[in-house]
Amino acid sequence: MGKLKLMLVMLIASVLMLAACGKDDDEKSTGSAGDGDAGYDLVKKGKFTYAASGVYKPFSFEENGELTGFDIEIGKALAEKMDLEPNPVTNPFETILQGLVGKKFDAIIGSMAYTKERAKQADFTEPYYYSGGMVFVAKDNDEIKNPDDLKGKKIGVVAQSTYEPPAKELTDDVQYYTSDVVALKDLTVKGRLDGVITSDVVGFEAIDNGFEVKEVGKPMWVEQASIAVHKDNPELTNALDEALKAIIDDGTYKEISDKWFGRDLLDIDLEGVELLE
Amino acid sequence: MPVPEIFVTFYEVFMQTYKGFLKAGLLTIEITAIAVVIGTVLGVIFALMKISNSKILQTIANLYITLIRGTPLIVQIMFLYFGITSIIVLENFWAGAIALGIHNGAYIAEIFRGSIQGIDRGQREASLALGMNSSQTMRRIVFPQALRRAIPPLGNQFIITLKDSSLVYVIGVSELFGLANRVAASNFKQFETFLVVGLYYLILVLIFTALLKWYENKLDVDK
């Protein structure tokens, strides 16, 4: 019995030590605006904590154990402008707004498009990029030549994305995914999916990576990817808008956009294009 | 696809990701360890409540076991992380570890109850006849024997816990499975990536099984 007790004590001690060394940087400052955070109510003191799905290459993805991508770097640039330490985190897209409302992070910089519906739950900044909603099909698919040909077919989309409502309009047979990349991959498996609606940028990235898929027609609409912030925190929304303007004005934005896409994502002609709301 | 190419890409994926996966593996171990400790403590408490003579304690224990066993772990994780934010805001790591611990508590309680009740009545009667009281009988005679019998099913339960810890990816914890999802989305190689992460789980389970076997031998569980 003595030995058993010793073992138990050692087990508990080692578990506590493990837990302690893994988590010691997680001191939290819940609430209390104004303690060195320039008046914003931050989830972690002195840190700008922002979330993305982490499965949306090239906007947010894992490389060599680090989170990177366009969204992540924009967040870093904004944090620097606000004199805060950047702290990117991941959360599955379908619960990312819930996470923001539950104050798990300060903002979503996760390629989330502004919509009126989402604006009921969170405040949005000005758009930080524009992208088109586009239909993709398997490379050897000759049947579907424009988005309307998808009527009644099986369409894959990410749940809670802006691609979900148009998919539902076209068909009753919607297949839900947690990642656009997995949805695109399923196009290449015979008999699983007829089409995927996702961002043009993400689809082209997948094609560049050797996916046997192709786009159909032109973008169906253009959406405004914006930063979502908790409604209790208008000071942070304002500060982010200012910081966004600052990085656009000083060329940081263009630098990041050029690095990932070879062009300025904000520099598009919006004349006569349907903006998604 | 020719087989050798898969070995090549598997090796590539493995080499590109092992640093991240080692870190993520540590997180998986931490979550599992915390869940196992919480689960064992809750398990012992609720098992004793269930075999106690108090109707109230029995009812509480039955309610706990029914509710937890009757709902999926993934629902409990979501509930703890998103559902009760008006009462308490838990970080995703802790919400996941605690949910996993509470979940396991119900199963471990049943393991302990079964092994305590499986001890021959004569043991208890003899101990009482020797003048020990009820609590001494439990601590000195019944529980040590029950614990030995509980070790194999407990080990089984701990292995299930290790694998179930993958579910906390839904609340954004970067443990093995969560990382695998993100890696696969970035290298566009689902097959190799999930093969790699499966290997990590297998290695962890094998290590755990070996530890358990060593401990069982030490306790002479077979005898």
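Which elements of chain A cover the buried residues of α7(A)?

## Model and conventions

This is a predicted model, in which local features need pLDDT of at least 70, side-chain atom pairs count only at pLDDT 80 or more, and totals for chains, interfaces and linings use all residues. Residues are numbered from 1 along each chain as its sequence is written, while chains are lettered from A and ligands numbered from 1 in the order of writing.

## Helix α7

The cover over the buried residues of α7(A) includes β6 (123-138), α6 (180-187), β9 (195-199), β10 (213-229) and α9 (252-261) of chain A. Helices (H or I, at least four residues) and strands (E, at least two) are DSSP runs, numbered from the N terminus. Contact requires C-beta atoms, placed from the backbone, within 7 Å.

In α7 (residues 200-208) of chain A, the buried residues are A:V201, A:V202, A:G203, A:E205 and A:A206. A residue is buried if 20 or more other C-beta atoms, placed from the backbone, lie within 10 Å of its own. Just after α7(A), A:G210 has a positive phi of about 95°.

## The sheet

Eight strands of chain A form an open, mixed sheet in the order β4-β1-β5-β10-β6-β9-β7-β8. Strands β4 and β8 (174-177) of chain A are at the edges with a single partner strand each, so one side of each lacks a neighbour in the sheet. Two strands pair if DSSP finds at least two bridges between them.

Strand β7 (residues 155-158) of chain A pairs with β8(A) in the parallel sense over four bridges. A:G156 stands opposite A:Q175 in β8(A).

Technical notes: Buried ≥ 20, exposed ≤ 12 C-beta atoms within 10 Å, placed from the backbone. Contact = placed C-beta atoms within 7 Å.
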